[in-house]
Amino acid sequence: MSNVESLVGEWLPLPDVAKLLDVSITKVHSLIDERAIAALRVGERRIRSVPAAFIQDGQVVDSLKGTIVVLADAGYDDEDLIVWLFTADESLRGRPIDALREGRKTEIRRRAQTLAW
């Protein structure tokens, strides 16, 4: 298991994401292409999967897309941005993904924007 796999913990294969969001698998691929969510190939079989924490109450975490775009603009690839989102930060009292799930997007986006400098 890679560092990012263990850091995230629970991963959802794309068909499971489609089922949770009640959309087609094609729509899940579109969400990835649109940078609304990020996916990596994980596990022994290298199945393209999404961190389970990206889904909340049957929807993609509301502020995730903008945060992913900011991180991508800062030069982060999908693995880098997932690591950043899931790495605990003492000054946040948790992980950036947890703050986004709690609705604290302004604070997280501000931190993400500083990474480009």
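Reader: Which residues of α4 are buried?

Author: Happy to start there. This is a predicted model, in which local features need pLDDT of at least 70, side-chain atom pairs count only at pLDDT 80 or more, and totals for chains, interfaces and linings use all residues. Residues are numbered from 1 along each chain as its sequence is written, and side-chain values use heavy atoms, with hydrogens and water left out. Helices (H or I, at least four residues) and strands (E, at least two) are DSSP runs, numbered from the N terminus. Buried means under 20% relative accessible area, exposed over 50%, and partly exposed in between (1.4 Å probe, protein chains only). In α4, the buried residues are Leu 64, Thr 67, Ile 68, Val 70 and Leu 71.

Reader: What do the buried residues of α4 pack against?

Author: Their partners are β5, α5, α6 (96-101) and α7 (105-114), where contact means heavy atoms within 4.5 Å.

Reader: How are α4 and α7 placed relative to each other?

Author: Two packed helices are described by the angle between their axes and the distance between the axes. Axes are lines fitted to C-alpha atoms, for helices over the stretch in contact, and angles run from 0 to 180 degrees between N-to-C directions. Angles under 35 degrees count as roughly parallel, over 145 as roughly antiparallel, 65 to 115 as roughly perpendicular and the rest as oblique. The axes of α4 and α7 cross at roughly 10° and come within 8 Å, so this pair is roughly parallel. On the α4 side, Gly 66, Thr 67, Val 70 and Leu 71 make the contact, meeting Ile 108, Arg 109, Ala 112 and Gln 113 of α7.

Reader: And at what angle do α2 and α3 pack?

Author: At about 100°, with their axes 8 Å apart, so α2 and α3 are roughly perpendicular to each other.

Reader: Which residues of α2 are buried, and which are exposed on the face turned away?

Author: Leu 14, Val 17, Ala 18 and Leu 21 are the buried ones. They fall within an arc of 100° seen down the axis, so they line one face of α2. Pro 15 and Lys 19 are exposed on the face turned away from that buried side.

Reader: Where does Ser 63 sit, and is Ser 63 buried or exposed?

Author: Ser 63 lies in the loop between β5 (59-60) and α4 (64-73). It counts as buried because its relative accessibility is 5%. Leaving aside neighbours within four places in sequence, Ser 63 is in contact with Leu 100, Lys 105 and Arg 109.

Reader: How many residues does the largest nonpolar core have?

Author: In soluble globular proteins, nonpolar side chains tend to be buried together. A nonpolar core is a set of buried Ala, Val, Leu, Ile, Met, Phe, Trp, Tyr and Cys residues joined through side-chain atoms within 4.5 Å. The largest one has 38 residues, and those with the most contacts inside it include Ile 82, Leu 85 and Phe 86. Its largest share, five residues, comes from α5.

Methods:
The arc is that of the directions from the helix axis to the C-beta atoms.
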